[in-house]
Amino acid sequence: MGMAIYPGSFDPVTKGHLDIIERTSKIVDELIVAILENPRKKAVFTIEERLEMLRRVTSGIENVRIEYFQGLLIEFAKRKKVNLVVKGLRAISDFEFEFQMALVNRKLDPQIETLFMVTNSKYSYLSSSIVKEVASFGGDIRDLVPPEVYDMIMAKYS
Ligand code: PNS
């Protein structure tokens, strides 16, 4: 099914993100996981750390590559000549904003389509914000993040 972009801030990557990456990589020929700035959130992890974490967790998936872009998602997609964007949906609470972003992106560039991938129910409660909150108060995040990035995340909070 050609190429797709899975955009996000990945601050940090969670088991929920990895589940979407794995499942999408089985559907498309090539998947670009794109770290983009979310102007609504101040990042805790640097771009380099986020690139490194995503590289670690996807090292076994051949058709996935990791990139960073500063700017609009549609600009990145245009530059890469990719017209498919995949987003993960966890709950109805995600839907409103994701729907708005998808419509804005289509207004900005009607060539680019957004497809929503429904989360695995076992990760539906999970988010990067929850991971950071649990870690910052000394809670156990082992079940929430891929094992390859556990130490990198905990290093921020020790
Ligand atoms: O993982 P997140 O934080 O939910 O991802 C949101 C992200 C980074 C995909 C979104 O904020 C984004 O697309 N940022 C780039 C700027 C842009 O293109 N915004 C869309 C127009 S509303």
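Analyst: Helices and strands are DSSP runs, numbered from the N terminus. The model is predicted. In it, Phe10 belongs to the loop between β1 and α1.

User: What is phi of Phe10 near, and is Phe10 buried or exposed?

Analyst: Most residues other than glycine have a negative phi. Phi of Phe10 is positive, near 45°. Residues under 20% relative accessible area count as buried; Phe10, at 2%, is therefore buried.

User: In which loop does Lys81 lie, and is Lys81 buried or exposed?

Analyst: The loop between α3 (73-80) and β4 (84-89) holds Lys81. Phi of Lys81 is near 60°, again a positive value in a residue other than glycine. Because the relative accessible area of Lys81 is 76%, Lys81 is exposed.

User: Which peptide bond is cis?

Analyst: Most peptide bonds are trans. The bond joining Asp11 and Pro12 is cis, with omega about 0°. Pro12 is placed in the loop between β1 and α1 (15-25).

User: Which residues come nearest to the ligand?

Analyst: The ligand has 14 residues around it, and Ser9, Glu37, Asn38, Lys41 and Leu73 come nearest. By class, this shell has five nonpolar, five polar and four charged residues. At least two shell residues come from each of β1 (3-8) and α4 (92-108).

User: Which polar atoms lie by the ligand's oxygen and nitrogen atoms?

Analyst: A polar backbone atom of Glu37 is 3.1 Å from a ligand nitrogen. Of the 550 Å² that the ligand exposes when taken alone, the protein buries 84%. The ligand takes up the space of the largest pocket.

How values were computed. Residues are numbered from 1 along each chain as its sequence is written. This is a predicted model: local features need pLDDT of at least 70, side-chain atom pairs count only at pLDDT 80 or more; totals for chains, interfaces and linings use all residues. Side-chain values use heavy atoms; hydrogens and water are left out. A residue is near a molecule or strand if one of its heavy atoms lies within 4 Å of it. A polar contact is a pair of N or O atoms within 3.5 Å; within protein, one must be able to donate a hydrogen and the other to accept it, and residues adjacent in sequence count only if both atoms are side-chain atoms. Accessible areas come from the Shrake-Rupley method with a 1.4 Å probe; for residues, only the protein chains shown count as cover. On a 1 Å grid over the protein atoms alone, a cavity is a set of points where a 1.4 Å probe fits but cannot get out, and a pocket is an open set with protein on both sides within 12 Å along at least five of seven lines; lining residues have an atom within 4 Å of a point. A molecule sits in a cavity or pocket if more than half of its atoms lie within 2 Å of its grid points. Helices (H or I, at least four residues) and strands (E, at least two) are DSSP runs, numbered from the N terminus. Ala, Val, Leu, Ile, Met, Phe, Trp, Tyr, Cys and Pro count as nonpolar, Asp, Glu, Lys and Arg as charged, and the others, Gly among them, as polar. Buried means under 20% relative accessible area, exposed over 50%, partly exposed in between (1.4 Å probe, protein chains only).
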